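Subject: Structure for you to look at

Dear colleague,

I am handing over the structure below, and after it you will find my notes on what was found. Please read them with the structure open beside you.

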Amino acid sequence: MRDKQKQNGMPIRLACVDLLFCWPPQGGADVDVFHVLEGLRRSGIDLKLFVPHFEGVTGRGVVDISVLPFSCSVIPIVQREYQADKIIGKICGAVDAWKPDIVFLAHGYGLKPLLALALRKYPLISRYYAHELLCARDAYRFKDGEPCPYNYLDHPDHCRRCAFTTLAPEIKSGRWHAWSQEYLLANAYDTRYHCAVLEALDVMSAIVVYNTALKEALPSYKDKVRVIPGGVSPVAESSGPLPQISVDSDKKLLFMPGRVEDPAKGLSLLIEAGARLLARRNDFHILATHFDPMWRGPFFSSTGWLSHDQVRALYERADICVVPSLWQEPFGLVAVEAMMAGVPVCAADCGGLHDIVLHGETGLLFSRSDVDSLVYCLNRLLDDDALRRGMGTSGRQRVLSHYIWDTVIDSHYLPLIESLVP
Amino acid sequence: MTQRTRIGLFYSYGPHFIKTVRSLRETHPQADITAFVPEHFPVELLSGLNISSQPLLPDTGRGRAIKKVVTIIRAIRKEHLDIFVVLFNSPRLQLLSTISGAKERRCRLVDGRELPVRLTLLSGIYHTAVNTVVGHWRYARIWIHVRCTRVHARTTERRSNTTGPDNEPY
């Protein structure tokens, strides 16, 4: 592969700053960052990842550098430095010392806009992994079982009050998670913070989101918003042994992978649909990757925690992959992984799933939170073996042509980076 | 003959219980491991890993009566554990670790890290109290700010063609 170079023949230098990165990964964003940086490095970009490690805070900046294929610098932040200006000063100092041509801002919450302003002298690409730009209380923009119609950019006072009410228990107890920690460090409750967010969006050269619905939610920035999907590895790597599951072999397996215990993922909707299906047929079993092995019933059960290899092995046993998300799923990696394994997907027609699943071709889309629609789609798929096989094959083809990491890097990230380098 | 290490693992509702069970068995293949789990926990998941279970805890979501708590503590202490492992670093679990009688007390976090549970009972109470007082003070300060201030209209006017309840939500 040709090394990506500037006009003077030197390789492009890219600094990536991720405020939450962990490796081994703690979530989908970490995996996304890893693959993007690995792909860019293989394309000849000289890059370095900068990750702050917050002393005494669980689940951020815990990185095993020895296994990363790219250069990474972990910046220790001790407790006496827990002030936004000190943290940002330390990160900027490290980035400046490396002299990048371009800065990629990966995962982060409340501190990210302040960091963008501090790094404004560089061309900035800011990647958003969920709704963190539009929601002040978490990255879900999901409230009372429904996607929230408000957004922080347009309704700052409503969102400030909502965020404060939601985060109050953590603020009072002094035991913070990553979101509330950055909320407090960045003074995200302050009226001036809204101004800082808008200014940060102005200084960013490109804003990267996962799906077209998120792009449409940012009409004022439509010229700089790019929709770039996530990806999967090119070949189905050898999957591990099938985990112990107590499902009759004659039953068709409806598999729901992912963080299913999260109410926004819609497991309750699938169970309701299963109960209705059970009135008509008994040839299926719902298996979900719920972490709690005690979650089980007459037609459903959980696997407990599984490694990624074990999940891949389960895809091979699954007949249908169900993704009944109730929130606006930003991407929907599980749908792509299922399609890669040749499994038809039955997914809610929302967010990134709308872009990934082609209705009637690689799976079936049903109206979000509509149990009747889900039952109809599941019945249709359970009844027709040929339809399932055909959709599985088409799904795999779609993933191979659109969602392989090399394709995502070559067709989205590299042109974007080259367009911004002076 | 050397005595085998006795390890106790206390169940908490969290994503890393099974992960921790497997990792403990891998790192201590010869140890006697006992898991203290809820009454209706599927113990076959543990017996496959040669881990004995004590289904003493109330099922998730049910309250814990004082009598039950005493029974649980007695059962833990009766095991004469060398290592006691909890899954969260909360004051309650720190207290339980302290009175478990184990020689070593550890906390396995969600991200796979293992921390020693160092706090003694008194310092645990002290830290919780300080955090709570400072946290309530911070809460009051932010409450006043959020309730008494508004974002300047000029900043919202900068955005046109916006989405939201007044327009078409996406």
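**The nonpolar cores**

The largest nonpolar core has 142 residues, and A:V17, A:C321 and A:A335 are those with the most contacts inside it. Such a core is a set of buried Ala, Val, Leu, Ile, Met, Phe, Trp, Tyr and Cys residues joined through C-beta atoms within 7 Å, where a residue is buried if 20 or more other C-beta atoms lie within 10 Å of its own, exposed if 12 or fewer, and partly exposed in between, with C-beta atoms placed from the backbone. Helix α10 (residues 333–340) of chain A gives the most to this core, with seven residues; helices (H or I, at least four residues) and strands (E, at least two) are DSSP runs, numbered from the N terminus. Domain 1 (13–231 + 405–420) and domain 2 (252–402) of chain A both give residues to this core, so the core lies between them. Apart from this core lies another, of 30 residues, among them A:F291, B:V21, B:L57 and B:V85. As background, nonpolar side chains tend to be buried together in soluble globular proteins.

Before going further, please note that this is a predicted model, in which local features need pLDDT of at least 70 and side-chain atom pairs count only at pLDDT 80 or more, while totals for chains, interfaces and linings use all residues. Residues are numbered from 1 along each chain as its sequence is written, and chains are lettered from A and ligands numbered from 1 in the order in which they are written.

Leaving aside neighbours within four places in sequence, A:A335 is in contact with A:C321, A:V323, A:V345, A:A347, A:L353, A:I356 and A:V357, a contact being two residues whose C-beta atoms, placed from the backbone, lie within 7 Å.

**Inside chain A**

The two domains of chain A, whose bounds come from an automatic or database domain assignment, have C-alpha centres that lie 30 Å apart. Their contact takes 16 residues from domain 1 of chain A and eleven residues from domain 2 of chain A. On the side of domain 1 of chain A that touches domain 2 of chain A, the largest share, three residues, comes from helix α7 (residues 212–216) of chain A. The residues of that side of domain 1 of chain A divide into nine nonpolar, six polar and one charged, where Ala, Val, Leu, Ile, Met, Phe, Trp, Tyr, Cys and Pro count as nonpolar, Asp, Glu, Lys and Arg as charged, and the others, Gly among them, as polar.

How do the axes of helix α1 (residues 28–42) and helix α14 (residues 405–420) of chain A cross, and at roughly what angle? They come within 10 Å and cross at roughly 70°, the axes being lines fitted to C-alpha atoms, for helices over the stretch in contact, with angles running from 0 to 180 degrees between N-to-C directions. α1(A) and α14(A) are therefore roughly perpendicular to each other; angles of 65 to 115 degrees count as roughly perpendicular, under 35 as roughly parallel, over 145 as roughly antiparallel and the rest as oblique. The contact is made by A:H35, A:V36, A:G39 and A:L40 of α1(A) and by A:W405, A:D406, A:I409 and A:Y413 of α14(A).

A:F300 is in strand β12 (residues 300–302) of chain A and counts as buried, with 22 C-beta neighbours inside 10 Å. Leaving aside neighbours within four places in sequence, A:F300 is in contact with A:I271, A:G274, A:I286 and A:A288. A:L400, in helix α13 (residues 385–402) of chain A, is partly exposed, with 15 other C-beta atoms within 10 Å.

Chain B has six helices and six strands, and buried residues make up 24% of its 170 residues. Chain B is divided into domain 1 (6–119) and domain 2 (122–157), and 35 Å separate the centres of these domains, taken over C-alpha atoms. Four residues of domain 1 of chain B are in contact with four residues of domain 2 of chain B.

Between the chains, 42 residues of chain B are in contact with 40 residues of chain A. To the side of chain B that touches chain A, α5(B) gives the most, with ten residues. The residues of that side of chain B divide into 17 nonpolar, 18 polar and seven charged.

With best wishes
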